[in-house]
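Hi everyone, thanks for making time. I'd like to walk you through one model today, starting with its pockets and ending on a single side chain.

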Amino acid sequence: MASKGKLLLAGVAVVVVAAAAVVFGPGLLGGAKKSDGIAATAGGPTVLRRLTQAQYQHVIADVFGNDIKIGGRFEPDMRESGLIEVGAGKVSVPASGLEQYGKMARSVAAQVFDKVHRDTMVDCKPASVATPDDACAARFLSQVGRLLYRRPLTDEEQKALVQGANDAAKGVGNFYAGLEITLASMLQAPQFLFAWENARDGELDGYSKAARLSFFLWDTAPDDELLTAAAKGELDNEKGLAKQVDRLLSSPRVEAGVRAYFADMFGFDGFDNLSKDPAIYPKYSFGLATDAQEQTLRTITNLLLTHDGDYRDVFTTRDTFMSRSLGAVYGIPVPKDAPGASADGWQPYSFPPDDPRSGILMQVSYLSLHSHPGRTSPTLRGKALRETVLCQKVPDPPGNVNFNVVQDTKNPLYKTVRQRLEAHRTQPTCTGCHKMMDPIGLSLENFDSIGTYRAGENGTAIDASGEMDGVKFANAQGLGKAIHDHPATTACLVNRIYAYAVGRTPTKSESEWLRSDVMKDFSAAGYRLRPLLREIATSGVFFRVAGPANDAQPVRQASAQGVGQ
């Protein structure tokens, strides 16, 4: 074990330097294609992104199997520009995080090399289990390293890992134990924990393209076929790239990528810290919160992938899925063995025409996530809709605002939220921002803090009428229709999904391309998701790399020094 230090890989301090800006002419994949519209759309800087918790879990399952359990605490994600995937390019790994990643790495490696798994994981046999076998170790490490690092190991990495496995096997007297120690070091290395992006001649190299594509469309690392295509240079020509993008989009695994995007967009990580007053909402539980998220994601993927539908319809559709715990909130009987129910108890459900609900804004996930523990909040709901669905920034409230009137739900003068907000808005500093949020959120007041329908509050009938950008509506269904028809709804999706794909906000020229070419094509395709994903993934813009003119991007280092120690 004294040789443990040899397992530390060269380049533990990850350094990525983006290339200087380059202008391309038509005809090159790295430059603008005719379909890009803008003759010389500049790219943006490369991004060093830490794997999200879901991506880490997906990669481990892909490489080692679904039965490998991951124990430990992941580093908190950071949300930037409305997305965790953009924030992933801003975070590092502090010392406490390294310790947790180390624990997870050792746990995974121990399972990979236990007696149940090792014969299926290692496709060669050592000459003796009690001694090192460099040839067999090299075979395993090169295979698994290619998948974990999303590229072939360098000669230096391969040599260091094989030597580390040799030394460790000698120290503990067991070939598999030596490989286990080595694998644990790889699972703590920045080459695994961070998604690298390397550029050449103004565009991402083949392996970086493969990783960007796979994390975008599947929320996991590239599979063997995509890595092989990268090695052959097939991702550097339009035909080869289109073939792989079409393969990824036609795979059932694209659902995982779509779910990951919308869970990020709608801020479902907020459920980790969401609580409700148990005295007021006894039906709320961790299980209900989990089912609420699942319902919305099933609704979205069913409409956009299974039925290839119009994105705008997610705000008006009556078709969804129901679990027994959700049925208790919605007031819908959900028999355990109903026709069409899946093995896990989920079953398709359509709200009838006279039901007050339609669209995902009237589902438990949205309504509960944007409410207080003991009461609703039209302001929170309106703010979330503006920022999440329409990409419109709402200013934070001043620090000296008095919320006493709004919070006093027992005030005999102001029995409904609408009345309390109207009284609150008499404060001069509050009027402007509340006009952006409250008329939207008030239309959702028929649903309480966990999404249960109610007709009144404190004995007074609820007025659910509202207005958004000059469009008036009578209730929540009218709000859903207004969102469906609002031009910012589709423009927001296009911009945000591109930011999600590249891990940063679009540059000025990219934004222009998105507004012109991509939005035009998205509209012509009936606002269907797969054509949008394909256009982004097959465009030269998606892989283009540029930095400030005549200057290199600042050096970016991942704070991963000491990984594996």
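How much space lies in the largest pocket? About 1000 Å³. Before going on, a word on the model: it is predicted, so local features need pLDDT of at least 70 and side-chain atom pairs count only at pLDDT 80 or more, while totals for chains, interfaces and linings use all residues. Residues are numbered from 1 along each chain as its sequence is written, and side-chain values use heavy atoms, leaving out hydrogens and water.

Now, what counts as a pocket? On a 1 Å grid over the protein atoms alone, a pocket is an open set of points where a 1.4 Å probe fits, with protein on both sides within 12 Å along at least five of seven lines; lining residues have an atom within 4 Å of a point. The volume is the space filled by probe spheres set on the points, which are joined across faces, edges and corners.

Back to the largest one. It has 34 lining residues, and those nearest its centre are Gln53, Asp77, Phe268, Asp269 and Asp272. Helix 1 (53-64), helix 2 (84-87), helix 12 (254-265) and helix 13 (286-306) each give two or more residues to this lining, and helix 13 gives the most, six. Helices here are DSSP runs of H or I with at least four residues, strands are E runs of at least two, and both are numbered from the N terminus. By class, the lining has 15 nonpolar, nine polar and ten charged residues. Nonpolar means Ala, Val, Leu, Ile, Met, Phe, Trp, Tyr, Cys and Pro; charged means Asp, Glu, Lys and Arg; the others, Gly among them, are polar.

The second largest pocket comes to about 510 Å³. Its lining has 19 residues, with Arg79, Gly82, Lys383, Glu387 and Thr388 closest to the centre. Helix 16 (residues 378-389) supplies the largest share, five residues. The classes here are six nonpolar, seven polar and six charged.

Zooming out, the chain has 23 helices and twelve strands.

Finally, my side chain: Gln188, in the loop between helix 7 (175-186) and helix 8 (190-193). Is Gln188 buried or exposed? Its relative accessible area is 8%, so Gln188 is buried. The side chain of Gln188 reaches the backbone oxygen of Ala184 at 3.0 Å. Thanks, all!

Definitions and conventions: Buried means under 20% relative accessible area, exposed over 50%, partly exposed in between (1.4 Å probe, protein chains only). A polar contact is a pair of N or O atoms within 3.5 Å; within protein, one must be able to donate a hydrogen and the other to accept it, and residues adjacent in sequence count only if both atoms are side-chain atoms.
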